[in-house]
Protein chains: 2
Amino acid sequence: MAQHRTPGKAVGLPAATVARLPIYLRGLNEVKARGIEVISSEELADSINVTSAQLRKDLSYLGGHGTRGVGYDVTDLIQALSVTLGVDKQWPIVIVGCGNLGMSLAKYAGFTNRGFKIAALFDAAPEIIGKVVEISEGQKVFIKDVASLATFIRENNIQIAVITTPAAAAQGVCDTLVNAGIFSIMTFAPISLNVPSGVDVRQIDLASELQILTFHEQTKANEVIAI
Amino acid sequence: MAQHRTPGKAVGLPAATVARLPIYLRGLNEVKARGIEVISSEELADSINVTSAQLRKDLSYLGGHGTRGVGYDVTDLIQALSVTLGVDKQWPIVIVGCGNLGMSLAKYAGFTNRGFKIAALFDAAPEIIGKVVEISEGQKVFIKDVASLATFIRENNIQIAVITTPAAAAQGVCDTLVNAGIFSIMTFAPISLNVPSGVDVRQIDLASELQILTFHEQTKANEVIAI
């Protein structure tokens with residue numbers, strides 16, 4: 001049961017490699033949808049903007065899935081990557097925070113065919129608790145009271161949660177999640193979360209992403225001036 | 001004018017450092033909001049989950065902003081980071097793709113106080129072109145026809161664009177943006193975009209982020225089994 005899990009430590013693959021595996025899987029599914037059954041490392045690398053040396057090195061961690069001079073069997077490699085990433089099955093996820101962003105993620109069609117389904121939505125605001133949301137055609141879910149979050153996670157063995165609350169509420173929600181046995185969190189709240197060692201947090205800070213772009217715009221502009 | 005810009009090359013700072021600068025700025029603004037005027041590198045590093053050695057090294061690229069044994073002047077460092085990131089001014093951005101995700105970004109309050117404002121929204125669907133969206137209290141914008149995207153970018157000197165279209169439309173939109181003079185793109189479309197050298201793309205692939213988490217869950221589960 002989830003409440004008896006203790007955080008483990010994922011070992012073996014470099015973090016940068018792990019971060020690229022989903023991109024390889026996505027690229028291979030695109031290739032497969034075009035009817036291609038065998039692809040060279042150069043073609044696959046090209047289609048996803050990495051070098052073929054990088055691709056070959058990353059995929060070598062999964063064992064031998066390519067044939068020299070021939071390439072990769074697309075279906076075989078999709079299967080191997082799906083198993084490695086754990087998305088040969090579907091993971092139920094909960095979303096905490098039902099503002100615009102949380103609602104758009106609940107309705108995001110791109111999760112379903114990549115290993116995820118929305119198990120439940122939670123919020124703290126009395127005026128929206130109990131509201132019915134149609135997250136996809138025919139699939140309706142209630143917005144539940146965040147007070148029932150820990151119980152829901154334990155009873156349904158949820159392992160992954162998404163935080164889309166305002167910054168001020170995020171650490172409290174995070175603590176509840178971790179205490180309930182969640183060790184994998186994706187958060188959009190623009191605040192650094194404190195979690196015990198062994199808990200994985202993927203933070204997507206939208207304004208920070210844009211600020212990385214403005215840094216480069218700024219630098220380019222200064223160079224133009226400098227010339 | 002935007003159409004006469006050529007892509008430059010941002011130099012000087014390691015990419016990983018650039019990616020952390022917005023986090024430092026965000027952390028410092030949190031600290032300032034709590035009324036703190038001077039902070040040690042240890043305290044600041046701690047609050048944003050980096051090591052103080054990393055923090056000091058990253059900030060050393062900006063020149064001397066700390067005093068040994070005293071710490072950083074919070075307001076001074078906020079100013080230096082804002083200038084370096086180019087967010088001492090506000091950047092107008094356009095969002096292309098007005099589905100759930102695009103709409104939630106248009107209404108995302110976290111952009112405004114971190115250097116960005118929504119200049120315009122675009123979509124290709126006739127049934128929503130012309131629709132009025134209240135993106136914040138009192139600020140309404142029309143959804144414009146994507147056919148007018150290039151003209152709008154040139155006439156308004158837009159430098160940053162966000163793509164929230166379905167995967168199938170994203171490359172076409174990207175090409176339009178680049179041809180109109182955009183060299184900084186944030187995209188949520190789950191597809192690898194082809195851009196000329198000098199164009200910066202920040203891709204946020206939501207399902208890939210979750211798959212990085214499932215990889216770790218999977219690995220931990222296997223280890224538990226292995227014990």
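Predicted model: local features only at pLDDT ≥ 70, side-chain atom pairs only at ≥ 80, totals over all residues.
Superposition of chain B on chain A requires a turn of 180° and a shift of 0.0 Å along the axis, and leaves an RMSD of 0.0 Å. The two chains are therefore related as by a two-fold axis.

At the interface, 54 residues of chain B are in contact with 54 residues of chain A. On the side of chain B that touches chain A, two or more residues each come from helices H1 (15–33), H4 (74–85), H5 (100–106) and H8 (206–226), and from strands E9 (184–187) and E10 (200–203), of chain B. H8(B) gives the most to this side, with 17 residues. The composition of this side of chain B by class is 26 nonpolar, 19 polar and 9 charged residues. Because 100% of the interface residues of chain B are also interface residues in chain A, the copies meet through the same surface.

Within chain A, an open sheet of 7 strands has the order E6-E7-E5-E4-E8-E9-E10, with mixed pairing. Strands E6 (132–136) and E10 (200–203) of chain A are the edge strands, each pairing on one side only. From one strand to the next, the twist averages 30°. Strands E5 (residues 116–123) and E7 (residues 139–145) of chain A run parallel and are joined by 3 bridges. Asp123(A) stands opposite Asp145(A) in E7(A).

Helix H7 (residues 167–179) of chain A packs on this sheet, where H7 touches strands E4 (91–96), E8 (160–163) and E9 (184–187) of chain A. The direction of H7 of chain A makes about 170° with that of E8(A).

Note on methods: Residues numbered from 1 in each chain as written. Chains lettered and ligands numbered in written order. Least-squares fit on C-alpha atoms with pLDDT ≥ 70 in both. Contact = placed C-beta atoms within 7 Å. Helix = DSSP H or I, 4+ residues; strand = E, 2+ residues; numbered from the N terminus. Nonpolar A, V, L, I, M, F, W, Y, C, P; charged D, E, K, R; others polar. Pairing = 2+ DSSP bridges. Axes fitted to C-alpha atoms, helices over the stretch in contact; angles between N-to-C directions.
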